[in-house]
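Dear colleague,

I am passing on the structure we talked about, and you will find it just below. My notes on what turned up in it follow after that.

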Amino acid sequence: MSSELRYTANTQLEHLHARYTGTGHADLTKYEWLTHQHRDTLASIVGHPTLNSYLAIADNESIGRIKFETTERMLQPCGPPPPKDDD
C-alpha cells in the first residue's frame with residue numbers, strides 16, 4: 001500500500017512541476033527561487049492592465065513605457081547570477 005501512495009505522490013509532484021514551472025525542486029538555489037518569484041510578479045504586472053495603469057500614474061510615465069520597462073526587467077530581475085563554486 002505504501003508503494004502505491006509513494007507512486008501517487010511522485011506523479012502528483014511531477015504533474016505540478018510540469019504544470020507550474022516555478023514550483024522548484026530540491027536542488028534549486030536561493031537565487032533561482034528569487035528569480036522565479038520576481039519574474040512571476042513582473043509577468044503579473046504586465047498581464048493586468050489595472051496594475052500597469054497604477055504604476056504609470058505613480059511613476060508619471062506612459063503605460064507603454066511601464067510595460068516595456070517591466071518586460072525588460074524580466075530578463076535578469078535579481079541581477080547577474082552569482083558565481084558557481086565547483087568543488
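**Overall fold**

The protein chain has four helices and zero strands, and, read along the sequence, its pattern is α-α-α-α. Please keep in mind that this is a predicted model, so that the values given here are computed from it. Of the 87 residues of the chain, 11% count as buried.

**Surface and helices**

On the surface, Leu13, Leu16 and Tyr20 form a nonpolar patch, and together these residues have about 280 Å² of accessible area. One of them, Leu16, lies in helix 1, which covers residues 2-19. Leu16 counts as partly exposed because its relative accessible area of 40% falls between the cut-offs of 20% for buried and 50% for exposed.

A second residue to look at is Ala43, which is found in helix 2, residues 30-47. Ala43 is also partly exposed, since its relative accessibility is 38%. Although Ala43 and Thr70 are 27 residues apart along the chain, their C-alpha atoms are separated by 8.1 Å.

**The largest pocket**

The largest pocket has a volume of about 160 Å³, and the residues that line it are Thr29, Tyr31, Glu32, Pro81, Pro82, Pro83 and Lys84. Sorted by class, this lining consists of four nonpolar, one polar and two charged residues.

With best wishes

Methods: Residues are numbered from 1 along each chain as its sequence is written. This is a predicted model: local features need pLDDT of at least 70, side-chain atom pairs count only at pLDDT 80 or more; totals for chains, interfaces and linings use all residues. Side-chain values use heavy atoms; hydrogens and water are left out. Patches are made of residues with over 30% relative accessible area and no salt bridge: like charges are joined within 9 Å, nonpolar side chains (Val, Leu, Ile, Met, Phe, Trp, Tyr) within 5 Å. Accessible areas come from the Shrake-Rupley method with a 1.4 Å probe; for residues, only the protein chains shown count as cover. A salt bridge is a side-chain nitrogen of Lys or Arg within 4 Å of a carboxyl oxygen of Asp or Glu. Helices (H or I, at least four residues) and strands (E, at least two) are DSSP runs, numbered from the N terminus. Buried means under 20% relative accessible area, exposed over 50%, partly exposed in between (1.4 Å probe, protein chains only). On a 1 Å grid over the protein atoms alone, a cavity is a set of points where a 1.4 Å probe fits but cannot get out, and a pocket is an open set with protein on both sides within 12 Å along at least five of seven lines; lining residues have an atom within 4 Å of a point. Grid points are joined across faces, edges and corners, and a volume is the space filled by probe spheres set on the points. Ala, Val, Leu, Ile, Met, Phe, Trp, Tyr, Cys and Pro count as nonpolar, Asp, Glu, Lys and Arg as charged, and the others, Gly among them, as polar.
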